[in-house]
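Hi,

Have a look at it before you read on.

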Amino acid sequence: MKNNYQGFTLIELLVVIAILGILSAIGITSYQGYTWSAKKKDAELSLNSILLANEEYTSDNGSYYYSGSCNSSSNKNIQDNLLDGKETLSSDEWEFCIQGHQNQQTLNINARHKTKTCMLTLTEKMVFSQTGRDC
């Protein structure tokens, strides 16, 4: 009598599951890196928008607009006073603030991430920097 078994052995199934696990771990890590860089780029674009709006504010009022410390209310103040409420900041992840010295006409626009230790800064001379372990 001839036995003709068809199907996969347990070892073959375990190898396939291990390969799928490795591929999914690589995919999840790549996706998280991609989404983080997209969120960071969104914050950089918001910094540029704030700088342009602040330049317009300066031409109308003679001095820069400063918002003080970074918190959720500073996001709303920036939107209302500089962006006329038309443009929204990426405030779900970042807190924006505008600091500097009025007498020296210096300006630092900061975006601080709410949960990570990342701070993005743009100066009035369009010099971009990032600080923090998570950047």
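**The overall picture**

The chain has two helices and four strands. Its radius of gyration is 25 Å, well over the 14 Å that the globule rule gives for 135 residues, so the chain is more spread out than a compact globule. Do keep in mind that this is a predicted model.

If you walk along the sequence, the order of the elements is α-α-β-β-β-β. Along the principal axes, the C-alpha atoms fill a box of roughly 100 × 30 × 20 Å.

A few totals for your notebook:

- Of the 135 residues, 30% count as buried.
- The chain exposes about 9,100 Å², and 55% of that comes from carbon and sulfur atoms.
- Take the contacts with a separation of 6 or more: 47% of them are between residues 24 or more positions apart.

Helix 1 covers residues 10–61. Which residues make up the nonpolar patch on the surface? They are Leu-10, Ile-11, Leu-14, Val-15, Ile-17, Ile-19 and Leu-23, and together they have about 720 Å² of accessible area. Zoom in on Ile-11, a patch member that sits in helix 1. Its relative accessible area is 59%, so Ile-11 counts as exposed.

Leu-20 is also found in helix 1. With 55% relative accessibility, Leu-20 is exposed because the cut-off for that label is over 50%. Now try picking Leu-20 and Asn-108 together: they are 88 residues apart along the chain, and their C-alpha atoms are separated by 47 Å.

**Around strand 1**

Next, go to Glu-95, which lies in strand 1 (residues 94–99). Is Glu-95 buried or exposed? Glu-95 has a relative accessible area of 13%, and buried means under 20%, so this residue is buried. Its side chain makes a polar contact with the side chain of Arg-112, at 2.4 Å. Leaving aside neighbours within four places in sequence, Glu-95 is in contact with several residues, including Cys-70, Asn-71, Ser-72 and Asn-75, as well as Asn-110, Ala-111 and Lys-114.

You'll find Gly-68 in the loop between helix 1 and helix 2 (72–81), and it is partly exposed, with a relative accessible area of 30%. Which residues does Gly-68 touch, not counting those up to four places away in sequence? The answer is Cys-97, Ile-98 and Gln-99. Gly-68 and Gln-99 are 31 residues apart in sequence, but C-alpha to C-alpha they are 5.7 Å apart in space.

**Two loop residues with positive phi**

Last stop: the backbone angles. Gln-105 has a positive phi, near 55°, and is not a glycine. Look for Gln-105 in the loop between strand 1 and strand 2 (108–113). This residue is partly exposed, at 31% relative accessible area.

Met-126 isn't a glycine either, and its phi is positive at about 65°. Where does Met-126 lie? Met-126 is in the loop between strand 3 (119–123) and strand 4 (128–131). With a relative accessible area of 55%, Met-126 is exposed.

Enjoy exploring, and write back with any questions!

Cheers

Key:
Residues numbered from 1 in each chain as written. Predicted model: local features only at pLDDT ≥ 70, side-chain atom pairs only at ≥ 80, totals over all residues. Heavy atoms only, no water. Patch = residues over 30% accessible without salt bridge, like charges linked within 9 Å, V, L, I, M, F, W, Y side chains within 5 Å. Areas by Shrake-Rupley, 256 points an atom, 1.4 Å probe, with all protein chains shown as cover. Salt bridge = Lys/Arg side-chain N within 4 Å of Asp/Glu carboxyl O. Buried < 20%, exposed > 50% of the residue type's maximum accessible area, 1.4 Å probe, protein only. Polar contact = N/O pair within 3.5 Å; in protein donor to acceptor, adjacent residues only side chain to side chain. Contact = heavy atoms within 4.5 Å. Rg over C-alpha atoms; globule rule 2.2 N^0.38 Å.
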